[in-house]
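User: Got a model I'd like to walk through. Can you show it first?
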Amino acid sequence: MGLEERPAAPVGTNSYRVSRPAIVGPEVPQAPFPILLSGPVQHGFGRGGKDLGCPTANLPDESITPMSSITEFGVYYGYAQVAREMEGQPVLPEGDGKVLPMVMSLGKNPFYNNEKLSAEIHIMHDFKGDFYGYGMKVMVLGYIRPELNYISREALIEDIETDKQVALRSLSRPGYSKYQLDAFFSRMNEATQPRL
Ligand code: ADP
Ligand code: MG
């Protein structure tokens, strides 16, 4: 089937929501992935997040410019790691510094009249507390689904839950899980040093 014959992706329909695939993306990440981001975690604009049971860590604008090569807004999956140290001293519990699965929502920030690209990163881990100011590294490995408009808070929460499951299953394939050991996560990186 030629590209031009490919059916358009279903967007925002109920049938799409009830028939979501359990696993997404090719067996191994394909260009432009992996996309690497890093920087200190900053305050978001306080919309949703913890209220929806899904806190999302935000990176500064300059840290998310690699995502501007992506033209499709929606939900992505990959790995993230929070730096445990502040001024060379370990301050977060060891488990919080692991390379962990994440889901990212990429879109335009309505708070800034949709002019600014925003990347909201939810890490699938129970952190002991907030980690504002800590360095964070993010590796984006694949695409889950387009951005949808929600008629209800319940529908949104339901889709986020499905996104997490889809991300975990998609990342458990060997072609993806090996990236947890990538040198990107073990090397020192200026950009992830906390801003004091
Ligand atoms: P904000 O609008 O400031 O981003 P959120 O309600 O989205 O507020 O909460 C995000 C913050 O919650 C993150 O910056 C981080 O410090 C903290 N946090 C705690 N657990 C998580 C998690 N599992 N994933 C992402 N952020 C988390
Ligand atoms: Mg947030």
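Analyst: A definition to start: two strands pair if DSSP finds at least two bridges between them. Keep in mind that this is a predicted model.

User: OK. How many bridges join E3 and E8, and in which sense do they pair?
Analyst: Nine bridges, antiparallel. E3 covers residues 74-82.

User: Which residue stands opposite Val-138 of E8?
Analyst: Ala-80.

User: And E1, how many bridges does that make with E8?
Analyst: Six. E1, residues 35-40, also runs antiparallel to E8. Within this pairing, Ser-38 faces Lys-137 of E8.

User: Is E8 mostly buried or exposed?
Analyst: Buried, for eleven of the twelve residues in 135-146. The cut-off for buried is under 20% relative accessible area.

User: Which gives the most?
Analyst: E7, with four residues.

User: How does the lining of that pocket divide into nonpolar, polar and charged?
Analyst: Eleven residues are polar, nine nonpolar and five charged.

User: Last one. What does rolling a probe over the atoms show?
Analyst: With a probe the size of a water molecule, it shows where empty space is left.

Definitions and conventions:
Residues numbered from 1 in each chain as written. Chains lettered and ligands numbered in written order. Predicted model: local features only at pLDDT ≥ 70, side-chain atom pairs only at ≥ 80, totals over all residues. Heavy atoms only, no water. Buried < 20%, exposed > 50% of the residue type's maximum accessible area, 1.4 Å probe, protein only. Helix = DSSP H or I, 4+ residues; strand = E, 2+ residues; numbered from the N terminus. Nonpolar A, V, L, I, M, F, W, Y, C, P; charged D, E, K, R; others polar.
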